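Notebook open, structure loaded. I want to look up some contacts, strand pairings and charged pairs.

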Amino acid sequence: MTHERTWDVVRRYHEAWTTTKDFDAASRLLAERLETDLPVNTYVDKEEFVKAIRGFGESVSSVQLLSACAGPAPGEALMIYDLVLDPIGTLRIAEQFKVARGRITFIRQVHDTATMRAAGFAPALSL
């Protein structure tokens, strides 16, 4: 998979759940055997993860992409962005993606969870 195709899949996924709130479109870009590595929760399957981004995404009031680049190998990409989450505030998030056959197969998200925990979100927080 070319870097351009990888970035296209990742960009469309990101915009779908953060900006247009088209969670069905976001879901279609995820592989059935999606794997995730997130700082707060774990998800057993794609369905559980999509349910989480649906709930989390509804609280996103804005997102500003700070940087994006292709990974070291075809099929990998990285995004860094600021996401404003009502009522918590701004979270800076780094997200690594692996893409195969036009679908995201792996998402690793890194962010400081202190802001979320201070707002009362425990490990049960979706995303």
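This is a predicted model: local features need pLDDT of at least 70, side-chain atom pairs count only at pLDDT 80 or more; totals for chains, interfaces and linings use all residues.

Skipping neighbours within four places in sequence, I found Leu83 in contact with Trp17, Thr18, Phe56, Val60, Ser62, Val63, Gly89, Thr90, Leu91 and Ile93.

Next I checked the largest nonpolar core, which has 31 residues. Leu83 is among those with the most contacts inside it, as are Tyr13, Trp17, Leu30, Phe49, Ile104 and Ile107. Elements giving two or more residues to this core include helix H1 (3-18), helix H3 (46-57) and strand E3 (76-85).

Then the strands. I see E1 and E5 pairing in the parallel sense over 4 bridges, and Leu30 has Ile104 in E5 as its bridge partner. E4 and E5 run antiparallel, joined by 7 bridges. They make a hairpin with 2 residues between them, and Arg101 in the turn shows a positive phi of about 50°. Gln96 sits opposite Arg108 in E5.

Arg108 meets Asp37 at 2.9 Å, N to O. Arg108 is in strand E5 and Asp37 in strand E1, so this pair ties together parts 71 residues apart in sequence.

Asp82 and Arg92 form another salt bridge, with their closest N and O atoms 2.7 Å apart.

Last entry: Asp8 and Arg11 meet in a salt bridge at 2.7 Å, N to O. They are 3 residues apart in helix H1, so about one helical turn separates them. I also noted both in a salt-bridge network with Arg5, Arg12 and Glu15.

Note on methods
Residues are numbered from 1 along each chain as its sequence is written. Side-chain values use heavy atoms; hydrogens and water are left out. A nonpolar core is a set of buried Ala, Val, Leu, Ile, Met, Phe, Trp, Tyr and Cys residues joined through side-chain atoms within 4.5 Å. Buried means under 20% relative accessible area, exposed over 50%, partly exposed in between (1.4 Å probe, protein chains only). Contact means heavy atoms within 4.5 Å. Two strands pair if DSSP finds at least two bridges between them. A salt bridge is a side-chain nitrogen of Lys or Arg within 4 Å of a carboxyl oxygen of Asp or Glu.
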